[in-house]
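Hi,

Here is the structure I said I would pass on, so please open it alongside this message. My notes on what turned up follow below it.

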Amino acid sequence: MAQAIRLAERGQLTVRPNPAVGCVIVKANQVVGEGWHIRAGTSHAEVHALRMAGDKARGATAYVTLEPCSHHGRTPPCCDALTAVGVSRVVVAMQDPNPLVAGSGITRLRHAGIQVDVGLMESSARALNVGFLSRMERGLPFVRAKVGASLDGKTALLNGQSQWITSESARADVQQLRVRSGAIVTGIGTLLTDNPSLNVRLAGFESFQPLRVILDTQLRCPLDAQLFGLSGEVLILTSAQALMQQAEKVDALAQLGVRVLPVALDESERLHLPSVMKLLAADFSINDVLLEAGASLTGCALSAGVVDELWWYTSGAMMGEARSALTGMPIFSSMQQVPRWRLLEQRLVGEDLRSRWLPPAAVNG
């Protein structure tokens, strides 16, 4: 199963919105077949492993990181493929929470007389697909917020200049985050100030562009923003009022291939961030979101509890009187009220320090 998990990891960047899956087929204590899900819409891991095993699959044991599918999608059911070749046992790391499967694959295998064991290395298998599991189990994507700040916690000079606080190595590391994300979310403030591209520029993955999402309550986005001219889809989320009042601009954006949708507002007349995330999961099948935004939107996202993991890049720059890395957070009157995040990992990336943090809810379960 450890080998099946390692195989599954190879497809993590290329299978969205599907889960990454690996399979190893063993007979007489020898590996006779192995495979992984390489790209969405193509053969699943079990099929690749069975092709490699050939006739040796009969009477063998298949180790699979996720319950074999039982429904017809873009590919036939994997549980039928395993049954047809006559495997005698299937070891499944975890049940698939997808309602289209959700135990039915295991049931069909058992009804075919195949021994099925579930739960081997389940925690490692879950770690493979945290975004997919989040969407299936919570109806929400797994959200990573990225912040690049100076040593004294600032993200821009008082005049707004912010490029570049972190090193080239840190920015290259962020490309890895982008390619594993189904959507990148930013705010209109960042769009107006930095005119970012928000695209994947990692060699070999240029075709895997995430959905770029702009939160723009008043629909202030300029029609000549550079990300409108790049490959990949762009979505603008705005208020229902702006959508109605600026019909001509919505039409102009549509001509550029940009989709505009309304989202409910919160008490502060900002876009309601939990609703934003639910929409991305439900309507766009987004498993993983990367929040690359300014101090205000990032702070609001942390306060709203929609961030599942915080990626904080700290450079050695000392910026003095400058803009804070986070705003829009509550004002606390005592240290007992202050939420404490838990450090998950810390490492050097070039000359910068990257730390990953889990929110208090994740710490307390």
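Phe 208 is buried, because its relative accessible area is 11% and the cut-off for buried is under 20%. Bear in mind that this is a predicted model. The structure holds one aromatic pair, and Phe 208 is part of it: Phe 205 and Phe 208 sit 6.1 Å apart, centre to centre, with 55° between their planes, which makes the pair tilted. Another ring worth a look is Trp 36, where Arg 10 lies over the face at 4.7 Å from the ring centre.

Arg 144 has Leu 290 in S12 as its bridge partner.

How many of the ten residues of H12 are buried? Seven are, so the helix is mostly covered, going by the under 20% limit. The buried ones are Ala 295, Leu 297, Thr 298, Gly 299, Cys 300, Ala 301 and Leu 302. Just after H12 comes Gly 305, with a positive phi of about 75°.

The other sheet I noted is an open one too: five strands in the order S2-S1-S3-S4-S5, again with mixed pairing. Its edge strands are S2 (30-36) and S5 (115-118), and each of them pairs on one side only. From one strand to the next, the twist averages 15°. Strand S3 (residues 61-64) and strand S4 (residues 89-92) run parallel and are joined by four bridges, with Val 91 in S4 as the bridge partner of Tyr 63. Helix H1 (residues 2-9) packs on this sheet and touches strand S1 (22-27), S2 and S3; the direction of H1 makes about 145° with that of S1.

Most residues other than glycine have a negative phi, and most peptide bonds are trans. Against that background, look at these:

- Arg 16 and Pro 17 are joined by a cis peptide bond, with omega at about 5°. Pro 17 is in the loop between H1 and S1.
- Leu 219 is not a glycine, yet has a positive phi of about 55°. You will find Leu 219 in the loop between S9 and strand S10 (234-238), and with a relative accessible area of 1% this residue is buried.
- Glu 269 is another residue other than glycine with a positive phi, near 65°. Glu 269 is in the loop between S11 and helix H11 (273-284). Is Glu 269 buried or exposed? Glu 269 counts as exposed because its relative accessibility is 54%, and the line for exposed is drawn at over 50%.

Asp 173 lies in helix H7 (residues 168-179) and counts as buried, at 17% relative accessibility. The side chains of Asp 173 and Arg 354 are joined by a polar contact of 2.9 Å. Leaving out residues up to four places away in sequence, Asp 173 touches Trp 311, Tyr 313, Val 349 and Arg 354.

Ser 104 is in helix H4 (residues 104-111). What does Ser 104 touch, not counting residues up to four places away in sequence? Glu 67 and Ser 70, and the side chain of Ser 70 makes a polar contact of 2.4 Å with that of Ser 104. At 26% relative accessibility, Ser 104 counts as partly exposed, because that value falls between the 20% and 50% limits. Ser 104 and Asp 55 are 49 residues apart in sequence, and 26 Å separates them in space, C-alpha to C-alpha.

Cheers

Conventions: Residues are numbered from 1 along each chain as its sequence is written. This is a predicted model: local features need pLDDT of at least 70, side-chain atom pairs count only at pLDDT 80 or more; totals for chains, interfaces and linings use all residues. Side-chain values use heavy atoms; hydrogens and water are left out. Helices (H or I, at least four residues) and strands (E, at least two) are DSSP runs, numbered from the N terminus. Buried means under 20% relative accessible area, exposed over 50%, partly exposed in between (1.4 Å probe, protein chains only). Contact means heavy atoms within 4.5 Å. A polar contact is a pair of N or O atoms within 3.5 Å; within protein, one must be able to donate a hydrogen and the other to accept it, and residues adjacent in sequence count only if both atoms are side-chain atoms. Two strands pair if DSSP finds at least two bridges between them. Rings of Phe, Tyr and Trp (its six-membered ring) pair if their centres lie within 6.5 Å; planes under 30 degrees apart count as stacked, over 60 as edge-to-face and the rest as tilted. A charge sits over a ring if NZ of Lys or CZ of Arg is within 6 Å of the ring centre and within 35 degrees of the ring normal. Axes are lines fitted to C-alpha atoms, for helices over the stretch in contact, and angles run from 0 to 180 degrees between N-to-C directions.
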